[in-house]
Amino acid sequence: MKYQNLLVHDESQIRHIVINRVEKLNALNKPTLAALHEAVKDALAEPNVRGIILTGAGEKAFVAGADIVEFATFNAVQGRELAQEGQTNVFDIIHHASKPIVAAINGYALGGGLELALACHIRLATTYAKLGLPEVSLGLIPGYGGTQRLTQLVGRGKAMEIILTGDMISADEALRAGLVNYVVEPADLLPKATHMLQRIASRSPNAIAAAIRAVNAGLAQHGFETEIKEFGKCFDTPDFKEGVSAFLEKRKPNF
Ligand code: COA
């Protein structure tokens, strides 16, 4: 397979990128992020591709976050590098992509998984999707742009609630908050995403790319830099050790 942990195919000028690590609820480990980098870049460079759908394999998860096992022993420097590399190589490329990218949220979209959906241009969710940024329960904060993109999308008050409680919200609550554009039945998720991308594909590709650049221009870069710095610092705290140990031991953390 060309891309590790991804299933990739084209359907009527739309590239489907499916994150395929079902047994770990499609959690983003290093090889998956590297493959996503390549797959998105390839799709953007392919003239026949007019839009991208990003979704998760299986019936349970879009993406349940960054791979906690992989960063369990990281220190502040490694934590900061993790956020910086991920943002530069994957999340920023998606955010600034010249072609429209739709996240088809087919289940859990948590932590880095929700951040991945947030980096996309449009989000659709199934009725049973659950969304959240649970990083504070690991002694961390979102590190892939979530503090910035969620705030821009739903406003400071709702973003604070979602980030500070770490609680999951339902698809309907996400719709009310403006976090997703539509909520549909599972069978309608990909058809709805395809329909939207086909509408966009009928417009001027040059104008679509220009519109994406203009809409994106409003987000201040220093917010992302602060997030990376703060995310890194969390790794040197006892709370992080306790949060990650609790996850690995399948118990509640005691902060
Ligand atoms: N990183 C690494 N492994 C993960 C993971 C993640 N973010 N999310 C899930 N997994 C793994 C689990 O450890 C489990 O592996 P195992 O079978 O080897 O024990 C497998 O995926 C299935 O998950 P499980 O927890 O058994 O499923 P569940 O239905 O009981 O719970 C969730 C689903 C999403 C509520 C739960 O997996 C969860 O809380 N995941 C972490 C979410 C998170 O904190 N994400 C942010 C990371 S920054």
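This is a predicted model: local features need pLDDT of at least 70, side-chain atom pairs count only at pLDDT 80 or more; totals for chains, interfaces and linings use all residues.

Residues are numbered from 1 along each chain as its sequence is written, and side-chain values use heavy atoms, with hydrogens and water left out.

**The ligand and its neighbours**

- Around the ligand there are 18 residues, of which K24, K60, A66, I68 and K250 come nearest; a residue counts as near if one of its heavy atoms lies within 4 Å of the molecule.
- By class, this shell holds 11 nonpolar, 1 polar and 6 charged residues, where Ala, Val, Leu, Ile, Met, Phe, Trp, Tyr, Cys and Pro count as nonpolar, Asp, Glu, Lys and Arg as charged, and the others, Gly among them, as polar.
- K60 has a polar side-chain atom 2.7 Å from an oxygen atom of the ligand, and a polar side-chain atom of K250 lies 3.0 Å from an oxygen atom of the ligand.
- At I68 a polar backbone atom is involved instead, and it lies 2.9 Å from a nitrogen atom of the ligand.
- Taken alone, the ligand exposes 860 Å², and the protein buries 70% of that; accessible areas come from the Shrake-Rupley method with a 1.4 Å probe.

**The largest pocket**

- The ligand takes up the space of the largest pocket, a pocket being an open set of points, on a 1 Å grid over the protein atoms alone, where a 1.4 Å probe fits, with protein on both sides within 12 Å along at least five of seven lines.
- The volume of the largest pocket is about 780 Å³, and among its 34 lining residues A64, A66, I68, L138 and F247 are the closest to its centre; lining residues have an atom within 4 Å of a point.
- α11 (238–248) is one of the elements that each supply at least two lining residues, and α11 gives the most, with 4 residues.

**The second largest pocket**

- The second largest pocket has about 340 Å³ of space, and of the 18 residues that line it, K30, L33, L82, E85 and G86 are the closest to its centre.
- α1 (30–45), α2 and α3 (76–95) each supply at least two residues of this lining, with α3 giving the most, at 7 residues.
- The lining of the second largest pocket divides into 9 nonpolar, 4 polar and 5 charged residues.

Definitions and conventions
A polar contact is a pair of N or O atoms within 3.5 Å; within protein, one must be able to donate a hydrogen and the other to accept it, and residues adjacent in sequence count only if both atoms are side-chain atoms. A molecule sits in a cavity or pocket if more than half of its atoms lie within 2 Å of its grid points. Grid points are joined across faces, edges and corners, and a volume is the space filled by probe spheres set on the points.
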